[in-house]
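Take a slow look around this chain before reading on. We'll start with the whole thing and then zoom in on a few spots.

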Amino acid sequence: MDSPVYHARMMRTLAALVILSGAGSIAWAQAPVPPASATPLVGATYDADFFPGNDHDPAVPTPDSILGFRLGDKPTLHAQIRSVMNAIAGSSPRARLVEYATSHEGRTLFYLVIGSEANIRRLDEIKSNAARLADPRTIAAAEADRLVGSTPAIAWMAYVIHGDEMSGSDASLALAYHLAAGRDPAVQDLLDKVLVIIDPDMNPDGRDRCITDVQRNRTVQPSVDDQSLIHAQSWPTGRMNHYLFDMNRDWIFCTQPETRGRVKAVNEWNPHYFMESHEMGPLDTFLVMPPRAPVNPNIPEHVRRWERAFADDLGKAFDARGWRYYTGEWNEGWYPGYSGSWAAMRGIVDNLYEQATIVSDAIRRPEGTLETYRESVHKQLVASMANLESLARNKAEVMSGVTATRRKAVEGDGEAQRLFVIKPSTANDGRLTRLADLIELQGIEAMRSNEAFTASGRDWLGREFQDVTFPAGTWVIPSRQPLGGLASALFEMDPRMESSFLTEERRELLRFGRSRLYDITGWNVAMLFGIEVCEINAVLPSGLTRLGSAQSAPAPEVALSPDAVAHLLDGRDDRCMAAAARLMARGLRVRVLNKPSVLDGADVARGSVFITKKDNQGFAGDQMQVIREVCGEFGLRPRAVKSGMGPGDAPDMGGEHFVLLESPRVAVLTREPFNPYTVGEVWHLLDHEMGMRAAFINTPQLGGVDLRRYNVLIVPDGGTDGWSESIPTIRSWVEAGGTLIGIGSAASAFCKEKDGIGSTRLLPDVLTKLDDYRAAIVRDWLGKNIEVKPEEVWSHAAPNKLEYPWTLGDSDKPSEEEAKRRDAWRSLFMPQGAIVAARVDDRHWLTAGCGEVLPVLVGSGPVLIPKFGGNAPLLLGVFTPAPAPAAEEPERKSKPEGEKPDKDEKSDKPEKPSPGWLVAPPGSELRLRMSGLLWPEAADRLAHSAYVTQESVGAGQIILFNESPTFRAAARGSTRVFMNAVVCGPGMGASAPITP
């Protein structure tokens, strides 16, 4: 079977298999046995005319003539979409093509502007008028009314942000052709009133990946079973972009180039209507706005009203064709990172189409009928036309409503308002620059104070404060601005759902064990960035200047000194970790400081990176040039160190606190059974942001992989099938010096008593052994807050009584059966995604670059219980002083002995501590929830558990995260912890590096 003759024969056979460009058939050229003909399927074809009876300009080529097949018979590739749009733009005076971004794989994203010939000639004027209407502070009401009358409404029609939801793109081609070539008076009337912007393929990388997958799994006999591989797709599916990001969650974070270009384009046009087409389960029908509860409070009533009206119009168009549809049900409106929610919070009337997914041929529905891909295209087309006609009929009202919403957002200028403020206390310039860039890209107004001001409000832990002075340089983001709804959505700390929905949600959890929430419930951008933010209610302070453009800031000067004993990179800046990895990859040796110091009279933060002259004496290249180039790449300003001596007890450069790193050699397990989102987040961080080389291992082949080539192994969130049997091999690798990083549910596999690695356990496995873990928590707290009484230490007498720390928060001790019952109850209420406060171990190397409190996003991941407090650099919950007790009540007359107190009287007996191991030191309380929905049962279950654990195992170490620290490339605070683990782990946590 391995002979050259066999291989030659196989190559000739494979060459004979030709996939045709027709409607999905396969031709067998020169095959010895021709394929059987396809079995006829009733209803497998759909021949309806998309525009019956309409006249089109023959000068504009039809999509069919360009594609070489009938539009809708099969999905089009991105290049084919581009060809059709280019042909339309090149032949119709009504159309203009505009490029706005390039995908990671180099595909161009573009939109087609279509309007009447007169409107196309005055596009700049229309764009200018729309911008004036979008900021009512610049225009009087009468002038706004005039512009509404003379300017067309702008409709942004966005298709296929999820690459495997393909019908929308093909519908957009039919829509573009009809609007650009249609001679019907109704088309001309629509284009007089509406300027249509068609974004036909928002995720070209994912779309083409899906089509390739479909072609690879195609069969001669068309499959109409939705469970068949051709419809189900292979890992990771085409939903995401190149780095496996769901771009319909990226609208508020803007981490991907496709999103960034699109947001910039929408800002330039200020549309009045925004539609995005999607697909859902293959056996579903068609969904349209409005959503059900919960609805984000920053979505204006103007938008809610028109969502209902546009749904009615779409319903009439579908009723005329006998198509089924619905609103609400699973679609809620809480998370602002969806396209529709994001647009609605800008005051734009939003819409969402969700068509049943049919990636090829047809799907047999539950009622026995077939629905073809072409019919799904037709539905998207009919919906698009119906609502563009809705917009044309209601042009003045919709445009005036958008302007009125913006005007209302700026009303009361000069009066007290809600302000979001960020103190200039962090020196993490990389993170601040990134946040400033996001604010600017979104079009949100933010200012910097030129002088100190005093205000009262609420901090990010939910505590009220009075008359706090904010220094000069404080960032101020007002809620009273044209995009006040969006600004509030991104920065308000604790939006609340309506009580009626909370009741509905709890009923759903109790009755069916499922949530009615579709995405995360906490997303405060500053919190996720790990940048302290607070809310105040005050008049906008005087002496403010607009926050400068992050993109236009000059690159820092890289000044180096050949005579210095070392150059350092500030450890407070996240970019120093990427630079350290790059410097090591280029052959330089670097050290990292694990304890704050003072050198040359200036403070040096924990986590700072040092490139010393002594360590690099044998470097063959130009050391200064390499440092200059790497720092320039990451925008860092290195600092020359003249002396390595620290004053007093401050660490000196020759001591143990300056740890020599080992260059990381990283491997990441990928493919099934891992969550493609987590894999993509790690991939994007290492490859795109940090510029690190890594090996991405095909997990089913793990048994044959030589792990000795690597000193860091990352196991993403996901299942354990296909790799858990390799845990003994991984354990041996760790014991030999490897750094193992496990994330989310994959981390659970390493927490087992028998077959795990290390001493961290899952909460359900230690429910009746929590005294030891609670003692570790108290011991850890005492280690940071202890007050020694010298007279007791030096006493010559033995103590009469010894207090043990684990008695501080004694609680009931249920039986094992009762403990499991309680935990099963609490598990029902685990969050969909809430931001909670983690207390930071300021002496652990993993937390370099973190403040005292780190907001982290938690969901239904494993509850990690570390055996020793020092093994958990981040524990959930922050100790703060307990609120002052309420004023004492007047003295009550005592009752005779044995007589029960009155019903309204309080007993003098102290209240019994709550069950579980929730404990706070005397005089303190545990603050946990920062933003998002966190039921009390979940709070009790999560309190004091570990967000991340680190433990030595043999010569190596294991690091476990209970959730993805790199969530959507937006959780910049926890991402720093992950960067520390990858870059510093082989040198700081592993005592014996592995050599290949």
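## The whole chain

Of the 996 residues in the chain, 56% count as buried; buried means under 20% relative accessible area, exposed means over 50%, and partly exposed is in between (1.4 Å probe, protein chains only). Keep in mind that this is a predicted model: local features need pLDDT of at least 70, side-chain atom pairs count only at pLDDT 80 or more, and totals for chains, interfaces and linings use all residues. Residues are numbered from 1 along each chain as its sequence is written, and side-chain values use heavy atoms, with hydrogens and water left out.

Along the principal axes, the C-alpha atoms fill a box of roughly 105 × 85 × 70 Å.

## The nonpolar core

Which residues touch the most other members of the largest nonpolar core? They are W156, W269, F274, W342, L435 and F491, in a core of 83 residues. A nonpolar core here is a set of buried Ala, Val, Leu, Ile, Met, Phe, Trp, Tyr and Cys residues joined through side-chain atoms within 4.5 Å. Helix α16 (residues 429-442) gives the most to this core, with six residues.

Now zoom in on W269. Leaving aside neighbours within four places in sequence, W269 is in contact (heavy atoms within 4.5 Å) with a list of residues including Y111, L123, W156 and I197.

## A mixed sheet of eight strands

Eight strands form an open sheet with mixed pairing, in the order β3-β4-β6-β5-β7-β12-β8-β10. Two strands pair if DSSP finds at least two bridges between them. At the edges stand β3 (95-102) and β10 (326-327), each with a single partner strand, so one side of each is left without a neighbour in the sheet. Strand β8 (residues 286-288) runs parallel to β10, joined by two bridges, and L287 has Y326 as its bridge partner in β10.

Helix α8 (residues 185-193) lies across β4, β5 and β6, running at about 90° to β6. For angles like this, axes are lines fitted to C-alpha atoms, for helices over the stretch in contact, and the angles run from 0 to 180 degrees between N-to-C directions.

## An antiparallel sheet of five strands

Another open sheet has five strands in the order β27-β22-β26-β23-β28, and its pairing is antiparallel. Its edge strands are β27 (639-641) and β28 (658-660), each pairing on one side only. From one strand to the next, the twist averages 30°. Helix α20 (residues 575-585) packs on this sheet, touching β22, β23 and β26, and its direction makes about 30° with that of β26.

## A strand covered on both faces

In a regular strand, side chains alternate between the two faces of the sheet. So what about β42 (residues 956-961): how many of its six residues are buried? The count is six of six. On one side sit G956, I958 and L960, on the other Q957, I959 and F961, and all are buried.

β41 and β42 form a hairpin with two residues between them, and G954 in the turn has a positive phi of about 60°.

Most residues other than glycine have a negative phi, and most peptide bonds are trans. Here are some exceptions. A cis peptide bond joins M289 and P290, with omega about 10°; another joins E672 and P673, with omega about 15°.

R671 has a positive phi, near 65°, and lies in the loop between β29 and α22. R671 is partly exposed, with a relative accessible area of 45%. A969 also has a positive phi, near 55°, but A969 counts as buried at 6% relative accessibility.

Terms used
Helix = DSSP H or I, 4+ residues; strand = E, 2+ residues; numbered from the N terminus.
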